[in-house]
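Colleague: Hi! Could you walk me through this one while I have it open on my screen?

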Amino acid sequence: MVKKSQSASSGRLAQRIASALQARKTNQLYRQRLLVESPQGPMLRVAGETLLSFCSNDYLGLAADLRLQVAMQEAANLYGSGSGASHLVTGHTSAHAALEEELAEFTGRERALLFSSGYMTNLGVLSALVTKNDTVLEDKLNHASLLDGGLFSGARFRRYRHLNTANLQRQLKTDAGQGNARFVVSDGVFSMDGDVAPLAELMNLCENHEATLVLDDAHGFGVLGKQGGGLAEFIRETGVVVNSQRLPVLIGTFGKAFGTAGAFVAGDESLIEFLIQFCRPYIYTTALPAVIAQATRVSLKIVQNETWRREYLNDLIRVFRQGCSDLNIELTNSNTPIQGLLLGTPERALQLSALLREEGILSTAIRPPTVPPGTSRLRLTLTAAHSMAEVNTLLVALERCLPQLISPNSELS
């Protein structure tokens, strides 16, 4: 009887898996991994083919920087390759401690805390800070890790319309008096559209309605601000007051502009101590390898000191957007390295990606559930490692390929 029950259960699971996979394929939503055989850079070796890539988050071109490699090699001689344990056991080294101190100074906070990934940071921070009696209000287009963190917390969960502070204000007024605390959660730079959160307005709303603001600036750090301090620094340069009282929870990652891996949260002393004591993904996860922490220390200095990288990147963004405007190519409203070319259906996004690949250009199709239905796109990203000639190559290829697309109302057979 037990064997029959187990067999039936396994059969139902297999059927469920097969059905879900087939649905993804039928709806042109099936994802496949690329096999990259080279360091990150404008030119990637993919499955034996050399392609000009416009789909990397390596915004400042640091992922293959020799200085970071040397720092890793030297740290490996000192610390070895792995951390061996969580931060609270034996995994916390002097490299981790130094990086946390430097990140605190970089962000203008009292302390910073390292995590192994951005996803785990968002899950951990929100699930630790938020209780089931609280309310979480999130931008509708927040990254999945922020949405999951809010949902996993068990709190009353609400989503406000993208960048719509009037809609957020109405929800804050409606929810007034309900629950113990309220949290407003937003990306700094939105990963698929490239637009930025209205940080000044969010801070004002949170002050006026006694809510705590949580900002994940994964795609803003390194890119925005004179020294790469992200959206907070960028807004501060306009005269807006941004400090740990108005923005108490600030999150960032190293896998984008910093060119390494891992993530952090910055805030006041009590916030960081609370997370060390109560954040389960921090407590029960093996520490980020010290070699990565040491390389990130080097990267952090480069991000701050080599301002030409941001200046040049901004030049590339302006040239690309102007070129698209001249070609009547409509992009998302973004002045960041993330440039979304909306195509509507998964079929059109896949077709344009394939046409560009025939031209020697790599740009993967982004489809639901990563983006809302009807907004499938190419997420074109520029980096400081690209040349102006390479950006012009992309523009020429888009001009040649876009007229070949199926109509928005057609479907591939």
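This is a predicted model: local features need pLDDT of at least 70, side-chain atom pairs count only at pLDDT 80 or more; totals for chains, interfaces and linings use all residues.

Colleague: Where is Thr381 found, and is Thr381 buried or exposed?

Modeller: Thr381 is in strand S13, which covers residues 376-381. Thr381 counts as buried because its relative accessibility is 0%. Leaving aside residues up to four places away in sequence, Thr381 touches Phe54, Cys55, Ser56, Tyr59, Pro337, Ile338 and His386.

Colleague: Let's switch to helix H13. What do the buried residues of H13 pack against?

Modeller: They pack against strands S10 (338-344), S11 (361-362), S12 (365-366) and S13, plus helix H14 (388-401). Among the buried residues of H13 are Pro346, Ala349, Leu352, Leu355 and Leu356.

Colleague: And how far apart are the end C-alpha atoms of H13?

Modeller: They are 19 Å apart. H13 has 13 residues (346-358), and at 1.5 Å a residue the helix should span 18 Å, so the two values agree. After H13 comes Gly360, which has a positive phi, near 85°.

Colleague: Now charges. How many salt bridges does a search of the whole structure find?

Modeller: The search finds 12. One of the salt bridges joins the side chains of Arg357 and Glu49, at 3.3 Å from N to O. Arg357 lies in H13 and Glu49 in strand S2 (residues 49-53), so this pair ties together parts that are 308 residues apart in sequence.

Colleague: Which residue does Arg111 form a salt bridge with?

Modeller: Arg111 pairs with Glu273, and their closest N and O atoms are 2.7 Å apart. That pair links distant parts of the chain, with Arg111 in strand S3 (residues 111-115) and Glu273 in helix H9 (residues 269-278), 162 residues apart. There is also one network in which salt bridges that share partners join Asp65, Arg67, Glu306 and Arg309. Within it, the closest N and O atoms of Arg67 and Asp65 are 3.0 Å apart.

Colleague: Last one: which residues make the nonpolar surface patch?

Modeller: Leu13, Ile17, Leu21 and Tyr30 make a patch of about 340 Å². Tyr30 sits in the loop between helix H1 (2-26) and strand S1 (43-46), and Tyr30 is partly exposed at 33% relative accessibility.

Key
Residues are numbered from 1 along each chain as its sequence is written. Side-chain values use heavy atoms; hydrogens and water are left out. Patches are made of residues with over 30% relative accessible area and no salt bridge: like charges are joined within 9 Å, nonpolar side chains (Val, Leu, Ile, Met, Phe, Trp, Tyr) within 5 Å. Accessible areas come from the Shrake-Rupley method with a 1.4 Å probe; for residues, only the protein chains shown count as cover. A salt bridge is a side-chain nitrogen of Lys or Arg within 4 Å of a carboxyl oxygen of Asp or Glu. Helices (H or I, at least four residues) and strands (E, at least two) are DSSP runs, numbered from the N terminus. Buried means under 20% relative accessible area, exposed over 50%, partly exposed in between (1.4 Å probe, protein chains only). Contact means heavy atoms within 4.5 Å. The expected span of a helix is 1.5 Å times one less than its number of residues.
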